[in-house]
Amino acid sequence: MAEETYSLVSVPRKNNNAGRATGKKGYVILFRWDDVATFTKDAKGVKVTAFAFAEGKKPIGVYATQSTINIYDTAEGDPDARGFIHHLDFEHPGSEQEFKEFLNNNVNENLGGIVVNCAGDDCKIAGTPCTPLSISTAEGQDNNEANKTTINLASALRGDTLGIIPKSLIPLTDDDTINSVLGLTGAESSQGGGV
C-alpha cells in the first residue's frame, strides 16, 4: 500500500477546549541521536513511524518541574528557506551532582527530547538526526528564592515541525521507576519498527 502524502485539507477545531493547557508527566526523556539506530516519519513529515536505539543504548528521564515543561517550535527564515526551530525548556529543582554531571557531559552533544502528556498516547518529539537539539542555555540559581537550573534546548538548523510519536514507540529509559511514572511499557518500543 502506497504511503499517503499530504494534501491541502481543512483543519477544524477538535473541541471547545482545544487551547486549554495540558498536563505533562514530570520527566522529560532525553537521548543522544548518535545512540538511535532507526528513526522514520510518515510521508507528511510529522508522525514518527519507527524509532529504535542501537543495542545497549537507552534514553534517560530527567525530572522537570511539570509547570515549566515547554516543548514547541518556531517558524523562521527567508522566503523559500523557512523552517522550524525546535525548543524544549524546563526547570530542574536542586543542584545535585548527577544533574551537574549530565549537563557537563552533554552540553556539546546532539540531543533529542520527548515530552509525555498526562492524557492520550501521542507524545511530542523535538530534534531529528539532522536537526538535533543542543543545550543552548543552562542557568543555575541557588539563593534565598530557589535552588534550580533552567534548561533551554534548541535546534540550530531549521527543519520540519515538531514530531508526534506514539507512546508505544518510545523505548524504556534506564530507570524502572521513571518508566512507570511515564507509563512506558517497552513492549513494541524496544524494536521500534525494525531497522
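## Terms and model

Exposed means over 50% relative accessible area, buried means under 20%, and partly exposed lies in between (1.4 Å probe, protein chains only). This is a predicted model, in which local features need pLDDT of at least 70, side-chain atom pairs count only at pLDDT 80 or more, and totals for chains, interfaces and linings use all residues. Residues are numbered from 1 along each chain as its sequence is written, and side-chain values use heavy atoms, with hydrogens and water left out.

Helices (H or I, at least four residues) and strands (E, at least two) are DSSP runs, numbered from the N terminus.

## Salt bridges

Side chains of opposite charge can pair when their charged atoms come close. A salt bridge here is a side-chain nitrogen of Lys or Arg within 4 Å of a carboxyl oxygen of Asp or Glu. The structure holds 5 salt bridges. Among them is the pair Glu4 and Lys44, at 3.4 Å from N to O. Glu4 lies in the segment before β1 (24-32) and Lys44 in the loop between β2 (36-41) and β3 (48-53), so this pair ties together parts 40 residues apart in sequence. Glu4 is exposed, at 57% relative accessibility. Lys44 is partly exposed, at 40%.

Arg158 forms a salt bridge with Glu76, and their closest N and O atoms are 3.3 Å apart. Arg158 sits in the loop between β10 (147-155) and β11 (163-166), while Glu76 is in strand β5, so the bridge links parts 82 residues apart in sequence. Arg158 is partly exposed, with a relative accessible area of 38%. Glu76 is also partly exposed, at 36%. A further salt bridge joins the side chains of Glu91 and Lys148 (3.3 Å, N to O). Glu91 belongs to strand β6 and Lys148 to strand β10, so the pair ties together parts 57 residues apart in sequence. Lys148 is partly exposed, at 22% relative accessibility.

## His92 in strand β6

His92 is in strand β6 (residues 83-93). His92 counts as buried, at 6% relative accessibility. Its side chain makes a polar contact with the side chain of Glu96 (2.7 Å). A polar contact is a pair of N or O atoms within 3.5 Å; within protein, one must be able to donate a hydrogen and the other to accept it, and residues adjacent in sequence count only if both atoms are side-chain atoms. The His92 side chain also reaches the backbone oxygen of Tyr63 at 2.8 Å.

Contact means heavy atoms within 4.5 Å. Leaving aside neighbours within four places in sequence, His92 is in contact with Val62, Tyr63, Phe99, Lys148 and Thr149.

## Helix α1

Helix α1 spans residues 97-106, and Phe99, Phe102, Leu103 and Asn106 are buried there. Seen down the helix axis, the buried residues of α1 fall within an arc of 95°, so they line one face. The arc is taken from the directions from the helix axis to the C-beta atoms.

The face turned away from this buried side carries the exposed residues Gln97 and Asn104. Strands covering the buried residues of α1 include β1, β4, β6, β7 (111-117), β9 (133-142) and β10.

## Gln66 in a loop

Gln66 is found in the loop between β4 (60-63) and β5 (70-76). Gln66 is partly exposed, with a relative accessible area of 43%. Not counting residues up to four places away in sequence, Gln66 touches Lys24, Lys25, Gly26 and Cys118. The C-alpha atoms of Gln66 and Thr137 are separated by 19 Å, and the two residues are 71 apart along the chain.
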